[in-house]
Amino acid sequence: MMKHWKILIAAPLVALAVNYSYAGAVKNGIPKGWTGNGAIATHYESGIDESQGTKEQPAFFIAAKNAKADDFAAITQVVDATAYRGKTMSFTASVLHMGEHGGYEFWIRTVDDKGGVSISSTWARKSDTWEAIRAKLTVPANATKLELGVSLKDNGKLFVKGMAFNDMQTRTPIPESKDHVANKITMGAVTAPLQNLNFSE
């Protein structure tokens, strides 16, 4: 009889431990070094989820909670473009988008000393598995600011991990792209050098 009671007491404790460890894997909010844009604070949830990555390199997520038509949520970083001038830069990540509606966008955008804008944007929709995504842009020689951006448009839930931003050699033309969200965002002021691309901070 005593053994039976021990099992009854232990079971809820195990369940509580499992729930607690899962809850501890999610941290809501905008990651350090990034700026929230659009309706991210009102019609979306965002944060870090270790269960979709690792403790050292967790996944960032944006999820619609009461998004309206044409709503979007985004995170961006803006840095001094001087170090990237004349280089072809590649912005890559692994992504998972769940939900029948909406889509996501990754972009590199620059502004030059005359106010000219250059942009490379990659737009996609639902993926049943993690997929690789890339945007690449040859940075103008007179670029002053460079922005990296990630957005979720309309509905669904987007997970992002494994980000990288690298100089690449390219012999093929860079295809033109049509952005959905990027140009709806006013490019902010230059901040620190690019940081926290793996969402570990």
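His97 touches Gly102, Gly103, Tyr104, Arg125, Lys126, Ser127, Leu152, Asn155, Gly156, Lys157 and Leu158, leaving aside residues up to four places away in sequence. The model discussed here is a predicted one. His97 belongs to strand E6. Its relative accessibility is 0%, under the 20% limit, and therefore His97 counts as buried.

The strand that carries His97, E6, is a member of an open sheet of 6 strands, ordered E1-E3-E4-E11-E6-E9 and paired in the antiparallel sense. The edges are taken by strand E1 (26-28) and strand E9 (131-138); each has a single partner strand, so one side of each is left without a neighbour in the sheet. From one strand to the next, the twist averages 30 degrees. Within this sheet, strand E3 (residues 44-49) and strand E4 (residues 59-64) pair in the antiparallel sense over 6 bridges. One of the residue pairs here joins Asp49 to its bridge partner in E4, Ala59.

A further open sheet consists of 5 strands in the order E2-E5-E10-E7-E8, again with antiparallel pairing. Here E2 and strand E8 (117-124) stand at the edges, and because each has a single partner strand, one side of each is left without a neighbour in the sheet. Neighbouring strands of this sheet are turned against each other by 20 degrees on average, direction ignored. In general, the strands of a sheet pair through backbone hydrogen bonds, either parallel or antiparallel.

With 8 of its 9 residues buried, E5 is mostly covered. On one side, E5 pairs with strand E2 (residues 35-38) in the antiparallel sense over 4 bridges, and Thr76 in E5 is the bridge partner of Thr35. E5 also pairs with strand E10 (residues 143-153), in the antiparallel sense and over 9 bridges. Phe72 stands opposite Lys153 in E10, while Asp80 stands opposite Lys145 in E10.

The nonpolar interior comes next. Nonpolar side chains in soluble globular proteins tend to be buried together. In this model the largest nonpolar core has 35 residues, and those with the most contacts inside it are Phe106, Leu146, Val160, Met163 and Phe165. At least two residues of this core are supplied by each of E3, E4, E5, strand E6 (88-98), strand E7 (103-112), E9, E10 and strand E11 (157-167). E10 provides the largest share, 5 residues. A second, separate core of 6 residues includes Trp107, Val181, Ala182 and Ile185.

Not counting residues up to four places away in sequence, Val160 touches Pro58, Ala59, Phe60, Ala93, Ser94, Val95, Phe106, Trp130, Val150 and Phe199. One of these contacts, Ala59, is the residue in E4 that bridges to Asp49. Another, Phe106, is itself among the core residues with the most contacts.

A pair of aromatic rings is described by the distance of the centres and the angle of the planes. The model has 8 aromatic pairs. In one of them, the rings of Trp34 and Phe199 have centres 6.0 Å apart and planes at 40 degrees, so the pair is tilted. This pair links distant parts of the chain, with Trp34 in the loop between E1 and E2 and Phe199 in the segment after E11, 165 residues apart. Trp34 and Phe199 are both buried. For Tyr104 and Phe106, the ring centres lie 6.4 Å apart and the planes are at 80 degrees, so this pair is edge-to-face. Tyr104 and Phe106 are likewise buried.

Two lysines place their charged ends over aromatic rings. The charged end of Lys161 sits over the ring of Trp130, 4.2 Å from its centre, and Trp130 is in turn one of the residues touched by Val160.

Conventions. Residues numbered from 1 in each chain as written. Predicted model: local features only at pLDDT ≥ 70, side-chain atom pairs only at ≥ 80, totals over all residues. Heavy atoms only, no water. Buried < 20%, exposed > 50% of the residue type's maximum accessible area, 1.4 Å probe, protein only. Pairing = 2+ DSSP bridges. Axes fitted to C-alpha atoms, helices over the stretch in contact; angles between N-to-C directions. Core = buried A, V, L, I, M, F, W, Y, C linked by side-chain atoms within 4.5 Å. Contact = heavy atoms within 4.5 Å. Phe/Tyr/Trp six-rings, centres within 6.5 Å; stacked < 30°, edge-to-face > 60°. Lys NZ or Arg CZ within 6 Å of the ring centre and 35° of its normal.
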